[in-house]
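Please look over the sequence and the 3D structure below before reading on.

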Amino acid sequence: MSPERLAEIAARCDAATAGPWCTDAWEIYRGAEYVPGISEWIGETCRGTSTLEQDRADATFVAAARTDVPEMAAEVERLRARVAELEAAQAPAVGLEPAPLPHHPEHDAIKRTAQTRGRLTITPPVSPYWTTADYAHETEALRTLVWPVVRKALAEEFPGFSAAFTADDIDICVHCRSEFEFATDAEAADPSTRTDEHSVGGEPVCCKAAMDAFRAARRLPEADL
Ligand SMILES: [Zn+2]
């Protein structure tokens, strides 16, 4: 499936009435569950020329497609990003790379360097949101709110361009839920940066609870903070 085709499908999804959709039998409504007199009507599949069972199956398919299709599109993007990542990891190791092409000074006037496969990195605000939450919330907001807007803008303004959502892993302290940080050997040895004379490399510095847990495991005296 070409990136253009995927963008076309995503654009069709984005343009449709927001999901989820549901069905009571052969009528299709907006919402996760049909509420009589309240749910917004989307359409129906009752044709009178097929069995009611068939109409019911068609309605179920249409209603579910509203959420199934974006889910599959996201999965295609995720898998494509993963493939690109694996392909990059399999690039020839240093030393096995072909020798650089010889430089011909005559080329300088008749060629120029171009770039392809640009990457867009979106970073959520670090503060004040990234304080007590465990970061999963921000990543979810990026994935569900920011990314569809980026994808829609790309599809509308730059047909043919494609993009995939990826997020970096970070380690979070289970005690303070901020980013897990620890002292290096050099920091632990330096009286101006270490916590006390019992500090060792690897000692967490994000919070006392993490430091206590580490010191207990290493049978080191508790820090007096
Ligand atoms: Zn901590």
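**A walk through the helices**

Valine 149 counts as exposed because it has 10 C-beta neighbours inside 10 Å. The cut-offs are these: a residue is buried if 20 or more other C-beta atoms lie within 10 Å of its own, exposed if 12 or fewer, and partly exposed in between, with C-beta atoms placed from the backbone. This is a predicted model, in which local features need pLDDT of at least 70 and side-chain atom pairs count only at pLDDT 80 or more, while totals for chains, interfaces and linings use all residues. Residues are numbered from 1 along each chain as its sequence is written.

Valine 149 is found in helix α3. Helices (H or I, at least four residues) and strands (E, at least two) are DSSP runs, numbered from the N terminus. Helix α3 covers residues 136–157, which is 22 residues, and reaches 30 Å from its first C-alpha to its last, close to the 32 Å expected at 1.5 Å a residue. The expected span of a helix is 1.5 Å times one less than its number of residues. At valine 146, shortly before proline 148, α3 has a kink of about 40°. Such a bend is the angle between axes fitted to the seven residues ending at a residue and the seven starting there.

Tryptophan 147 also lies in helix α3. Tryptophan 147 is partly exposed, because 18 other C-beta atoms lie within 10 Å. Leaving aside neighbours within four places in sequence, tryptophan 147 is in contact with Leu142 and Phe165. Two residues are in contact if their C-beta atoms, placed from the backbone, lie within 7 Å.

How do helices pack here? Two packed helices are described by the angle between their axes and the distance between the axes. Axes are lines fitted to C-alpha atoms, for helices over the stretch in contact, and angles run from 0 to 180 degrees between N-to-C directions. For α1 and α3 the angle is about 115°, and the axes are 10 Å apart. The contact joins Ala7, Ala10, Ala11 and Asp14 of α1 to Pro148, Arg151, Lys152, Leu154 and Ala155 of α3. These residues divide into 6 nonpolar, no polar and 3 charged. Ala, Val, Leu, Ile, Met, Phe, Trp, Tyr, Cys and Pro count as nonpolar, Asp, Glu, Lys and Arg as charged, and the others, Gly among them, as polar.

Helix α1 (residues 3–15) also packs with helix α2 (residues 52–89), at an angle of about 145° and with the axes 10 Å apart. Leu6, Ile9, Ala10 and Cys13 of α1 meet Val69, Pro70, Ala73 and Val76 of α2 in this contact. Its residues divide into 8 nonpolar, no polar and no charged.

The 38 residues of α2 should span 56 Å at 1.5 Å a residue, and the end C-alpha atoms are 53 Å apart, which agrees. At alanine 65, α2 bends by about 50°. Asp55, Ala59, Ala63 and Glu77 are buried in α2. The cover over the buried residues of α2 includes β1 (21–23) and β2 (27–30).

Two backbone details remain. The peptide bond from glycine 19 to proline 20 is cis, with omega near 0°, and proline 20 is found in the loop between α1 and β1. Arginine 219, in the segment after α5 (208–217), has a phi near 55°, a positive value in a residue other than glycine.
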